[in-house]
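Morning, everyone. I will walk through one model today, starting with a few backbone details and ending with the cores. Here it is on the screen.

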Amino acid sequence: MSRRTQKLSRAVLVVAAAIITSNTERLPAQEVDDWTLSRTPWGDPDLQGVWRYEGATPLERPDDLAGRATLTDEEIAELARIEAERAANREAGLDGVAVGRSTLDESPIRGNEYNIFWQDHGRARQAYAQTSLIVDPLDGKLPYTDDARIAARRSDARYGVGPYESYLDPDTGERCLTDGVTAIMWQGPNGGHNRIVQSPGFVTILHEEYRDRRIIPVDGREHGSIRQWLGEAVGHWEGDTLVVETINFLDRTNYEWASIWTRASESLHIIERFRRVSETDMEYTITVEDPKTFTRPWTAAVPITRLPDGIQIYEYACHEGNRAMPNLLSAGRVEAGLAPSAN
Amino acid sequence: MRISLIAFVAGSALAASAVQVSAHHAFAAEFDVNRPITLTGTVVELELINPHSWIHLDVTSADGTIERWMIEGGPPNALFRRGFTRAALPIGSEIVVEGFQAKDGSMRANGRDIVFTDGRTPFTGSFGVGPDSR
């Protein structure tokens, strides 16, 4: 790791630690006191299992919480109550406002496309103290460059409108390629599940969506020079914390992305820290630097949860079933005054 | 089930991100939000595939002919984790689908809401009780 990277890492960790401390303080005392970090047979901290982000905290801070890094205890309790009620309402078969969705009058799409049950994971979302996953910069907002902000607005304006005249017009996720590495540990169109598997000298992260997989050497090697879609991840242990530095991404900013902030360019540089703090909780922080998209590095602190043993991730044979591609191209033909595509 | 009225002062902000909304854009490129449709029919095929499930539905039209519709649903993986099996939506089930028809005018629609004709939902199950969770 470069000196600059180390300095950057330390600076954001101070901020992240303050936020995470306020989260873990709320863990039941028993969980904190009685828990001992287990280790693999070869002595590394054991991070294995299926993990996902189950929090209710958004990436960016909502405007009406501007200036506030954390919620009060009363607000956390209220948020937890709301989330528990919504989970119960989902279980009872309700939909719409009762489960926290927008009403159909507000939008028949943008989260309302399907019955909530298709994507309900059967557990209430967790209420954490932090008001945004982004802990640096302190305003909790993505520090977009002017160009990237324009790209984000353009992307938003294309929502459902297109044009969709070529296979290049849908975003990289809709093309069954990837949604990028940046948010891989905490979101995905199907819930963002990740299975971590360890072997001597390697940590492997299997992401359910798009079958994205990251095989991360932790054997002391340096980065190479081959550029790939998911970059090149190299890890090492700092005490019981796994630190992963990913560089060597391909520039794919010419493609459409579901979220501009997850797009890859050659200057994208990601540092992640994984530290298990209880049987079911991992402190995960990610610092993202890319002058092509951001004016400065930003850091998110994401509490992720280990799901019970036996919970599986499944394959995601996206291309095989991706009928959306021919269907939307057929729709594009009709809108252009041409005949629909033959099925 | 009581439906909460969120009167809490910061409720709107706290609840703003209530559901993780898919950021993928193309849905409304495929289906026409100006063409809402309600279909009642018989399930003839259930494709539990990614990135979207498809339910094939025979619908009797006004003139008595049978139309074969394809209904797009969400990905099956979350359902599997909750114990959903094909037995929950058997071939031959009578269901009501509400959604939007495909923009190219074909007999395809999204299945925004799917219930049995008696009002029950095929989607029930609890976390971690599925056959694959043992």
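A:Arg211 is partly exposed, with 15 other C-beta atoms within 10 Å. Here is the scale: buried takes 20 or more other C-beta atoms within 10 Å of a residue's own, exposed takes 12 or fewer, partly exposed lies in between, and C-beta atoms are placed from the backbone.

Some ground rules. This is a predicted model: local features need pLDDT of at least 70, side-chain atom pairs count only at pLDDT 80 or more, and totals for chains, interfaces and linings use all residues. Residues are numbered from 1 along each chain as its sequence is written, while chains are lettered from A and ligands numbered from 1 in the order in which they are written.

Back to A:Arg211. Its phi is positive, about 55 degrees, although it is not a glycine. The residue sits in the loop between β4 (202-207) and β5 (213-217) of chain A. Element names follow DSSP runs numbered from the N terminus: helices are H or I with at least four residues, strands are E with at least two.

A:Cys176 is not a glycine either, and has a positive phi of about 65 degrees. You will find A:Cys176 in the loop between α4 and β3 of chain A. It counts as buried, because it has 21 C-beta neighbours inside 10 Å. Why flag these? Most residues other than glycine have a negative phi, and most peptide bonds are trans.

Which brings up the cis bonds. One joins A:Asp136 and A:Pro137, with omega about 5 degrees. A:Pro137 is in the loop between β2 (134-136) and α4 (146-157) of chain A. Another joins A:Gly162 and A:Pro163, with omega about 15 degrees. A:Pro163 lies in the loop between α4 and β3 (194-199).

Next, helix α6 of chain A, residues 324-335. It has twelve residues and reaches 16 Å from first C-alpha to last, close to the 16 Å expected at 1.5 Å a residue. That expected span is 1.5 Å times one less than the number of residues. Buried residues in α6(A) include A:Asn327, A:Leu328 and A:Ala331. What do the buried residues of α6(A) pack against? They pack against α2 (27-30), β4 (94-102) and β5 (108-110) of chain B. Contact here puts two C-beta atoms, placed from the backbone, within 7 Å. After the helix comes A:Gly337, with a positive phi near 85 degrees.

Chain B itself has three helices and six strands. From the N terminus the order is α-α-β-β-β-α-β-β-β. Of its 134 residues, 42% are buried.

Finally, the cores. A nonpolar core is a set of buried Ala, Val, Leu, Ile, Met, Phe, Trp, Tyr and Cys residues joined through C-beta atoms within 7 Å. The largest has 47 residues, and A:Ile216, A:Tyr284, A:Ala300, A:Val302 and A:Ile304 touch the most other members. Strands of chain A that each supply at least two residues include β1 (49-52), β9 and β10 (298-306). β10(A) gives the most, with five residues. Apart from this core lies another, of 24 residues, among them A:Ile109, A:Ala331, B:Ala29 and B:Phe100.

Buried or exposed? A:Thr285 is buried, with 26 other C-beta atoms within 10 Å.
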